[in-house]
Amino acid sequence: MTYEAITAEANAQGNAGVTLLTINRPKALNALNSQVLEELIHAFAAYQADDTQLCAVLTGSGEKAFAAGADIKEMSDKAAADFYLEDFFGPWTSEIVKKTRKPWIAAVNGFALGGGCELAMMADFIIASDNAKFGQPEINLGVAPGMGGSQRLTRAIGKSKSMEMCLTGRMMGAEEAERANLIVRVVPQAELVIETLKTAATIASKPPMATIANKEMVNSAFEMTLDQGLIVERRIFQILTASEDKAEGMAAFIEKREGQWKGR
């Protein structure tokens with residue numbers, strides 16, 4: 001598939017095993033339209049299917065915006081029945097979040113508003129530039145978050161702050177977002193992609209099967225009780241002890257050398 005609204009680079013900037021995906025609509029502040037959706041779904045599926053690529057980074061082109069929201073021009077004339085019958089926004093979760101088992105990071109530069117904020121929160125974690133701004137301003141349009149904003153934002157930063165942001169539409173700066181645990185780190189704008197790719201390269205250097213397992217473990221903490229989650233954790237740990245990478249990892253530790261992973 002030839003991309004027009006995004007770019008995709010495997011082994012990005014010399015980082016083996018790391019895919020860099022970039023939303024490439026800078027004149028529209030990387031607003032999310034149907035074309036971006038279709039191309040991202042394809043690109044994430046290609047990343048998941050490529051055994052040589054072990055971590056992905058998603059960012060926006062330019063310095064002004066990661067994604068300044070959904071494309072309002074595309075949505076303004078759409079009827080309610082169309083939104084419902086098309087299950088509008090549904091593919092983001094079903095095709096990207098649920099089917100991408102390998103880890104991916106959002107590198108947020110500038111505005112991440114509405115659908116942009118929601119897309120960033122779908123990542124396994126977020127690294128942001130010092131000029132990043134997060135928000136769910138849908139209320140200003142007479143609507144509400146539709147891509148998980150009310151759910152993921154609340155899980156990340158708590159009810160009170162999430163409620164305030166959804167009801168007022170105000171934006172949260174990068175430093176506040178880090179304090180609120182929405183993001184993991186703030187870096188200078190000029191260093192955002194480089195630093196995020198370094199983090200992705202670290203992840204890509206780990207045993208691939210264990211990486212997927214760790215991601216599944218952490219995500220399970222949001223989906224079940226503590227007792228259920230502990231059972232899932234133990235079972236996955238027990239499965240990993242039968243892997244070739246477990247044997248190699250422990251041998252490498254004892255022999256004080258780097259592990260050579262097979263992903264099995």
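The second largest pocket in this structure has a lining of 14 nonpolar, five polar and two charged residues. (Nonpolar here covers Ala, Val, Leu, Ile, Met, Phe, Trp, Tyr, Cys and Pro, charged covers Asp, Glu, Lys and Arg, and polar takes in the others, Gly among them.) This is a predicted model, so local features need pLDDT of at least 70 and side-chain atom pairs count only at pLDDT 80 or more, while totals for chains, interfaces and linings use all residues. Numbering runs from 1 along each chain as its sequence is written, and side-chain values use heavy atoms, with hydrogens and water left out.

**Second largest pocket**

- About 490 Å³ of space lies in this pocket. A pocket is an open set of points on a 1 Å grid over the protein atoms alone, where a 1.4 Å probe fits, with protein on both sides within 12 Å along at least five of seven lines. Its volume is the space filled by probe spheres set on the points, which are joined across faces, edges and corners.
- The lining is made up of 21 residues, and Ile 72, Met 75, Glu 138, Leu 141 and Val 143 lie nearest the centre. A lining residue has an atom within 4 Å of a point.
- Helices (H or I, at least four residues) and strands (E, at least two) are DSSP runs, numbered from the N terminus.

**Largest pocket**

- The largest pocket holds about 1,100 Å³ of space.
- Of its 32 lining residues, Met 122, Ala 123, Asp 124, Asn 219 and Phe 222 sit nearest the centre.
- At least two lining residues come from each of α5 (115–122), β7 (125–129), α6 (149–157) and α10 (208–220). Helix α10 supplies the largest share, with eight residues.
- Sorted by class, this lining has 17 nonpolar, seven polar and eight charged residues.

**Nonpolar core**

- The largest nonpolar core has 61 residues, and Trp 92, Val 108, Leu 119 and Phe 134 have the most contacts inside it. Such a core is a set of buried Ala, Val, Leu, Ile, Met, Phe, Trp, Tyr and Cys residues joined through side-chain atoms within 4.5 Å.
- Helix α1 (residues 34–49) gives the most to this core, with seven residues.
- Setting aside residues up to four places away in sequence, Leu 119 touches Ile 23, Leu 32, Leu 40, Leu 58, Phe 66, Trp 92, Trp 104 and Met 147. Contact means heavy atoms within 4.5 Å.
- In helix α4 (residues 90–97), the buried residues are Gly 90, Trp 92 and Ile 96. Buried means under 20% relative accessible area, exposed over 50%, and partly exposed in between, using a 1.4 Å probe and protein chains only.
- The cover over those buried α4 residues includes α1, β5 (104–108) and α5.

**Cysteines**

- Searching the whole structure turns up zero disulfides. A disulfide is a pair of cysteine sulfur atoms within 2.5 Å.
- Cys 117 can't pair up here because its sulfur is 8.8 Å from the closest cysteine sulfur, in Cys 166, which is too far for a bond.
- Cys 117 is buried at 1% relative accessible area, and Cys 55 is buried at 0%.

**Loop residues and glycines**

- Gln 13, in the loop between β1 (6–9) and β2 (18–23), has a phi near 50 degrees, a positive value in a residue other than glycine.
- Asn 181 also has a positive phi, near 70 degrees. You'll find Asn 181 in the loop between α8 (174–179) and β10 (185–187), where it counts as exposed at 60% relative accessibility.
- Gly 114 sits in the loop between β6 (111–113) and α5 and is buried, at 7% relative accessible area. Leaving aside neighbours within four places in sequence, Gly 114 is in contact with Gly 135, Gln 136, Pro 137 and Glu 138.
- Asn 131 is in the loop between β7 and β8 (133–135) and is partly exposed at 31%. Beyond its neighbours within four places in sequence, Asn 131 is in contact with Glu 63, Asn 109, Gly 110 and Gln 189.
- Gly 249, in helix α12 (residues 244–254), is partly exposed at 21%. Gly 249 and Gly 259 are ten residues apart in sequence and 5.5 Å apart in space, C-alpha to C-alpha.
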